[in-house]
Amino acid sequence: MAYFRVGTLVNTHGIRGEVKVVVITDFPEKRFAKGEKLILFKDVADTTGGIPVTIATAREQKGLFFLTFKGLDNINDVEKYKGWTLKVAAEALQDLPAGEYYYHQIIGLKVVTVAGETIGKVSEILSPGANDVWVVQRGHGLADVLLPKIPQVIKKVDLAAGTVTVELMEGLID
């Protein structure tokens, strides 16, 4: 079964089993809603042996989510999960509107210019503010290219072909 990361438990909060979670999802209000089922994994790469949890309470504060899980009612129950990863099962992913993609669909795609020149592969997606930034690893000792996810730059995403077509604005590449 496939799982996708939605957050990381970075610390406990208080003595009643509340944890601080750094969000790694575009849908935190859905993923961290009361009653949602997630799986705790000790390591990001783990795909087996996770611990299922159900969210009892959730609140957002300063970009972090504070959660409690059913049956984990005090600090002693949750402290051992500090640093663990929260994931969601693949079948829990919701359909996205046309033109929107999950991070796991974009990472690894080959990036080519509208002229057909290969730039590299998307290695990471950053979310610094107004729009995402796709990090393109060029290889051969060349510096990574940071592409803002804006219509002027990202022209076409073809998941079937495994490519992203871009138009490079002046200053985006050395």
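Okay, a definition to start: buried means under 20% relative accessible area, exposed means over 50%, and partly exposed is in between, with a 1.4 Å probe and protein chains only. By that rule Lys-62 counts as exposed, because its relative accessibility is 81%.

Quick word on what we're looking at. This is a predicted model, where local features need pLDDT of at least 70, side-chain atom pairs count only at pLDDT 80 or more, and totals for chains, interfaces and linings use all residues. Residues are numbered from 1 along each chain as its sequence is written, and side-chain values use heavy atoms, with hydrogens and water left out.

So, the overall picture. The protein has three helices and twelve strands; those are DSSP runs, numbered from the N terminus, with helices being H or I of at least four residues and strands E of at least two. Its C-alpha atoms fill a box of roughly 60 × 30 × 30 Å along the principal axes. There are 174 residues, and 36% of them count as buried. Of the contacts (heavy atoms within 4.5 Å) with a separation of 6 or more, 49% come from residues 24 or more positions apart.

Back to Lys-62. You'll find Lys-62 in the loop between β4 (51-61) and β5 (64-69), with a positive phi of about 50° although it is not a glycine. Most residues other than glycine have a negative phi. His-140 also has a positive phi, near 55°. That one is in the loop between β9 and β10 (145-148), and His-140 is exposed, because its relative accessible area is 81%.

Next, Phe-66, in strand β5. Buried or exposed? Buried, because its relative accessible area is 4%. The charged end of Arg-59 sits over the Phe-66 ring, 4.4 Å from the centre. For that we ask for NZ of Lys or CZ of Arg within 6 Å of the ring centre and within 35 degrees of the ring normal. Lys-87 lies over the face of Phe-41 too, at 4.9 Å from the ring centre. Leaving out residues up to four places away in sequence, Phe-66 touches His-13, Val-19 and Thr-57, among others. Its C-alpha is 9.4 Å from that of Leu-9, 57 residues away along the chain.

On to ring pairs: three aromatic pairs turn up in a search of the whole structure. One is Tyr-81 with Trp-84, edge-to-face, 4.8 Å centre to centre and 80° between the planes. The rule is that rings of Phe, Tyr and Trp (its six-membered ring) pair if their centres lie within 6.5 Å, with planes under 30 degrees apart stacked, over 60 edge-to-face and the rest tilted. Both Tyr-81 and Trp-84 are buried.

A salt bridge needs a side-chain nitrogen of Lys or Arg within 4 Å of a carboxyl oxygen of Asp or Glu.

Arg-31, in helix α1 (residues 28-31), is buried with no salt bridge, and Glu-36, the nearest side chain of opposite charge, is 4.8 Å away. Its contacts beyond four places in sequence include Val-6, Ile-55 and Tyr-102.

Asp-132 sits in the loop between β8 (118-126) and β9 (133-137). Asp-132 is buried without a salt bridge as well, with Lys-149 the nearest opposite charge at 6.4 Å.

Technical notes. Lys, Arg positive; Asp, Glu negative; His and termini not counted.
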